[in-house]
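Hi,

Here's the structure I promised to send over.

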Amino acid sequence: MDNQRHNNHGELIRVRFAPSPTGHLHIGNARTALFNWLFARKNNGSFILRIEDTDFDRVKKEYEDNILKDLKWLELNWDEGPDCGGNYGPYRQSERINIYKEYANKLLSEGKAYKCFCPEEELEKKRKESLSKGLPPRYDGKCRYLSGEDIISYEKQGIKPSIRFEVESVLPFNKLKAHDGLIEFEDMVRGKMTFKGSDIGDFVILRSDGVSAYNFAAVVDDALMKITHVIRGEDHLSNTPRQILLNQAMGFDIPCFAHLSMILGYDKTLLSKRHGATSVKELKEEGYLPEAVVNYLLLLGWSSENGREIMPMFDAIKNFSLERVSKSPAVFDIKKLRWMNSSYIKNKDITELTELASPFLAKKCISIEGIDKNWLCKIVDAVRDNIQTLSDIDKYTGIFFDELPVPSPPLKGVEWEGEADEVLKLFKEKIEKEENIAEDVADKIIRSIKEKTGLKGKKLMMPIRVAITGKTEGPELKKIVAILGKERVIKRINLIQEFYKHLL
């Protein structure tokens, strides 16, 4: 069961999300952050943000800034991190270089690691040879038994060594007893996992430039930051046995592990640009609401006991459990995300929704400067049922700002002689008799025309809609009429009647 405040060692639950700022926050990483955050909040634990920024050739400060912004947009607030500090900082790996060196030197002094002078070209050649033979590309231990004289000789030549962890210092291989060479752990999602120690060669923990390798830095950081549970993507599964060995060698408690399934596209291939937006930044720019994105990410590999899909954050925290995380790959379906987003748009506070929608109107050159906010709220409220993302909003709001909505070329399906002409005449006559056109008044007028003409459906509604909007679909007519007002509605009807009089 994961609904507990402490781990097996009696420590308060602490989880971490550790992105590398080499790009924008990917949907898969956002899902990982969410599951960590939910696990911490469910169990009254701590959620730590750690920045793994030692890939100096690819890391950019702007990416780190954007990751923090995206996490805040998703409302995944952290308890400790690079911007707010904490008791176990610093929280950027680039600021922890000396810590890694200290622990690497400790392993050296204990005989659990050694200096390796093998050139990269030689290592790459051996790696390819192993792969060509169908063997795991494990290091052959060439530098494990170098003499002190050999080491001094290499160093005098100016060759900077990397530091390798000696796997056999923790896991001695016994060919007669195969189980002695197994690394086993209980994954909280995938169950019992077993790896052959014989497949793992002595691996680098500190590169020749003095920068820590990923596995070593992660283990040191997790231990010193007292991380109790490591929840991450299954692409890290192969790193786990190495990290377990390092924990054992340094005398650290081994955290609990949970590896989340991959996220695939609709065609069951790895998620990529061809499947639509793949970063939180892109989803934000396309007009998705953060609560809809979080709700959808929750369903990528997790399900509630009762099959409920629309789930606000409070309920997500209450219901979340790693026991209900699936081992199978999750499929990212942009259509379902759009549907879910439309549901949140329909139920959003109209004042807040209008504020969120305003930048998208401005992007489409629809000026809202100086416009009465109450009137703008009515427009957004009228179209909210027609849109799935905020970027869709300009498709329907233009009818309230444009003064010449006459369609060109003439729209098919509308016969302007006979019935359509009669509908418009009656509609205009009745509108002219009213002082103010509220929704209920517009509705009453349309119903009276229906009773008088016997027309219904498209034959009744389409002429009116096309006359006042220039479109064949959109928000409810009564809402459009009420927002436009008496004068503009009459003006538009006159305009289209004149247009088709000359056309016919």
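What covers the buried residues of α9? Before I get to that, remember that this is a predicted model.

Helix α9 runs over residues 290–298 and is mostly covered, with 8 of its 9 residues buried. Those buried residues are P290, A292, V293, V294, N295, Y296, L297 and L298. As for the cover, it includes the helices α1 (27–42), α2 (61–73), α8 (280–285), α10 (313–319) and α11 (334–347), along with β11 (330–331).

Next, a pair of helices. Two packed helices are described by the angle between their axes and the distance between the axes. For α15 (residues 419–433) and α17 (residues 458–469), the axes come within 9 Å and cross at roughly 65°. An angle from 65 to 115 degrees counts as roughly perpendicular, so α15 is roughly perpendicular to α17. Their crossing is right-handed. On the α15 side, the contact is made by E419, A420, V423, L424 and F427; α17 brings K459, L460, P463, I464 and A467. Sorted by class, that contact has 8 nonpolar residues, 2 charged ones and no polar ones.

Is Q243 buried or exposed? Its relative accessibility is 2%, and buried means under 20%, so Q243 counts as buried. If you leave aside its neighbours within four places in sequence, Q243 is in contact with Y214, N215, A218, V219, R232 and F257.

Cheers

How values were computed
Residues are numbered from 1 along each chain as its sequence is written. This is a predicted model: local features need pLDDT of at least 70, side-chain atom pairs count only at pLDDT 80 or more; totals for chains, interfaces and linings use all residues. Side-chain values use heavy atoms; hydrogens and water are left out. Axes are lines fitted to C-alpha atoms, for helices over the stretch in contact, and angles run from 0 to 180 degrees between N-to-C directions. Helices (H or I, at least four residues) and strands (E, at least two) are DSSP runs, numbered from the N terminus. Angles under 35 degrees count as roughly parallel, over 145 as roughly antiparallel, 65 to 115 as roughly perpendicular and the rest as oblique. A crossing is left-handed if the near helix is turned anticlockwise from the far one by less than a right angle, and right-handed if clockwise. Contact means heavy atoms within 4.5 Å. Ala, Val, Leu, Ile, Met, Phe, Trp, Tyr, Cys and Pro count as nonpolar, Asp, Glu, Lys and Arg as charged, and the others, Gly among them, as polar. Buried means under 20% relative accessible area, exposed over 50%, partly exposed in between (1.4 Å probe, protein chains only).
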